[in-house]
Amino acid sequence: MSYGKDRRKGVDWISKVVNFSNIFSWIAFLLALILFHYARPEVEYLIYHLVKEQISVRTSWIADLKYWLEITLYFCLTLSVITIGLNQFRLKRRTDRQRYNVYMLGVMSLVFIVTISVN
């Protein structure tokens, strides 16, 4: 099935930037997940109340790590929006593909930011 003459000679620079920013934004999100693991309050399990020894549990966020977590999530959201914009600018043919993973990453970052801001 032909849609006309394809004048593209290969991967253009916009496509390379979109691919690079997509990969970089996912790496930033993984970094945010690691920061979340260490910054969040610890879970207080029922077994901690049943043992005779008193087990201390941190019930608050670590402020410095939470700050860097928020910065990382805002960076990830910004990079996702830029990637979506560049990809929309580049989409001109029916054979060009939409990058739904960037939409998913943007939504997850936004939900994560809202969730952390509430706590």
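Among the elements of the protein chain, helix 4 has the highest mean pLDDT, 93, while helix 2 (residues 47-50) has the lowest, 76. The model is predicted, and the protein chain averages a pLDDT of 85, with 86% of the residues scoring at least 70. Where pLDDT is low, the predicted coordinates should not be read in detail.

**Geometry of helix 1 and helix 4**

- The axes of helix 1 (residues 13-39) and helix 4 (residues 100-118) cross at roughly 30° and come within 11 Å.
- Angles under 35 degrees count as roughly parallel, and helix 1 and helix 4 are therefore roughly parallel to each other.
- The crossing in which helix 1 passes helix 4 is left-handed.

**Residues in the contact**

- Helix 1 contributes Asn22, Ser25, Trp26, Phe29, Leu33 and Phe36, which meet Asn101, Val102, Met104, Leu105, Met108, Ser109 and Phe112 of helix 4.
- By class, this contact of helix 1 with helix 4 has 9 nonpolar and 4 polar residues, and no charged residues.

- Cys76 lies in helix 3 (residues 63-90).
- With a relative accessible area of 0%, Cys76 is buried, since buried means under 20%.
- Leaving aside residues up to four places away in sequence, Cys76 touches Ser25, Ala28, Phe29, Leu105 and Ser109.
- Among these, Leu105 is 29 residues from Cys76 along the chain, and the C-alpha atoms of Cys76 and Leu105 are separated by 8.1 Å.
- Ser25 and Phe29 of helix 1, and Leu105 and Ser109 of helix 4, belong to the contact between those helices and also touch Cys76.

Technical notes. Residues are numbered from 1 along each chain as its sequence is written. This is a predicted model: local features need pLDDT of at least 70, side-chain atom pairs count only at pLDDT 80 or more; totals for chains, interfaces and linings use all residues. Side-chain values use heavy atoms; hydrogens and water are left out. Axes are lines fitted to C-alpha atoms, for helices over the stretch in contact, and angles run from 0 to 180 degrees between N-to-C directions. Helices (H or I, at least four residues) and strands (E, at least two) are DSSP runs, numbered from the N terminus. Angles under 35 degrees count as roughly parallel, over 145 as roughly antiparallel, 65 to 115 as roughly perpendicular and the rest as oblique. A crossing is left-handed if the near helix is turned anticlockwise from the far one by less than a right angle, and right-handed if clockwise. Contact means heavy atoms within 4.5 Å. Ala, Val, Leu, Ile, Met, Phe, Trp, Tyr, Cys and Pro count as nonpolar, Asp, Glu, Lys and Arg as charged, and the others, Gly among them, as polar. pLDDT is the predictor's confidence in each residue, from 0 to 100. Buried means under 20% relative accessible area, exposed over 50%, partly exposed in between (1.4 Å probe, protein chains only).
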